Amino acid sequence: MASQLRPVTVVGAWAVALVLLAGVGVVGASSPRALDGQSAPTLATFVVGLVAITAQAAVLLGGLVQRRTSAAVALLAVCAIVPLAAAAGLGVATGVTTVAALVAAYAVVLTTAWGRAVPVLAGAGILLALGEVVRASRDEGLTTGSVGLAVAQGVGTVALAAVVGAVVVARRDAVVARAAQARAQAGEQAALTQAAVARQRTAMARELHDIAAHHLSGIAVMTAALDRQIDTDPAGAKVAVRQVRQQSTAMLKDLRQLVALLRDDDGGTGEGAREVEPETLDGVVRLVRDARAAGRDVALTVLGAATDRLAELDVGPLAQLAAHRTVQEALANAARHAPAAACEVVVDARDPAALVLTVRNVAPSSAPLPGGGGGFGILGMRERAELTGSDLVTGPTPDGGFVVTLTVPREEEDR
């Protein structure tokens, strides 16, 4: 840690000590009674004091400013000069040497852990008390009172510096802690933002995959038939072309709706905002109708509910969207992997606790469409199921087909 001392601080402490030294000389010369029986300062006393405070300043400059020694060593060296100056005859002016000791003790508290600082501060207090004891023995003789006063002065000097230093350290640590907390909060916020962005990207990818896969699978099936119909059945080819156009238009509409949802920053309440409704269970009927229009053999069976009122079932909007996307992806997978196979969609609402949707296709009678494998359709279904607390089961059937079953829990308060 840095010593926190600048050259101007050391020079300032030296100047204060010099002023005090000169003040003691002036007071002693003008009013000897003010010295309370102690010997009046002489020129020799002034010289000893000047040498002492200058030596202390040199120690502070070398140890705490230029960092040639540690703050602890500098403090002990500064305090060791005090009894030496008292023994050299500094007398009543010995107290001026405590100015440098205050600065050095303050630096120790700032730069040293308390476990190591306490013994150093105790040693400094002993040296300062020793200096007062030496002064008292030369000037007035040792008494119990003078020794006690010397100890009190030594301890008080070090304690004053320690208290000031502790306050500064506490404030500094508080500032550092607040800065660290601010950085941690900023990092946490950044992590939450990145996680939210990642989830949004996943949702966008899932929606784009479901929309594109469903419509493009239908287009692929119809264009495969077009290749044969152009020469043999021109009228049928024209119908197929119109169906391809309808599928393309529907896909563009769905993509525009998705983009509108992503770009609608004010939640659709701002001026000129377009109302974009999320998909519901009613969309399952439309999915089957579109598949039939594309020439696929897809049947729909609804149990326990009206076919035209599936959206009114007690299933939450997020679960309805997940169910719609699951049926959409299952039909798209059937079109890719079993393009000529019969397929059935079953919506079973007879159980008051759960809604069961099943998409089953029989064994394929023709080869899968090119590039039909290795996608993320089933993974997207599972993610949607986990998000809504639903249960998804997928796998082959004994007859060589494939089945997708989604069990969606129904809302208890609406039963």
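Mentor: Asn 361 stands opposite Phe 402 in β5. This is a predicted model, in which local features need pLDDT of at least 70, side-chain atom pairs count only at pLDDT 80 or more, and totals for chains, interfaces and linings use all residues. Residues are numbered from 1 along each chain as its sequence is written, and side-chain values use heavy atoms, leaving out hydrogens and water.

Trainee: How many bridges join β3 to β5?

Mentor: Strands of a sheet pair through backbone hydrogen bonds, either parallel or antiparallel. Two strands count as paired if DSSP finds at least two bridges between them; strands (E, at least two residues) and helices (H or I, at least four) are DSSP runs numbered from the N terminus. Here β3 (354–361) and β5 (402–409) run antiparallel, joined by 8 bridges.

Trainee: In what order do the 5 strands of the open sheet lie?

Mentor: The order is β1-β2-β3-β5-β4, with mixed pairing. At the edges are β1 (298–303) and β4 (391–396), each pairing on one side only.

Trainee: Which strands does helix α8 touch?

Mentor: Contact means heavy atoms within 4.5 Å. Angles run from 0 to 180 degrees between N-to-C directions, with axes fitted to C-alpha atoms, for helices over the stretch in contact. Helix α8 (282–293) packs on the sheet against β1, β2 (343–348) and β3, its direction making about 160 degrees with that of β1. Helix α10 (377–388) lies across β4 and β5, at about 155 degrees to β4.
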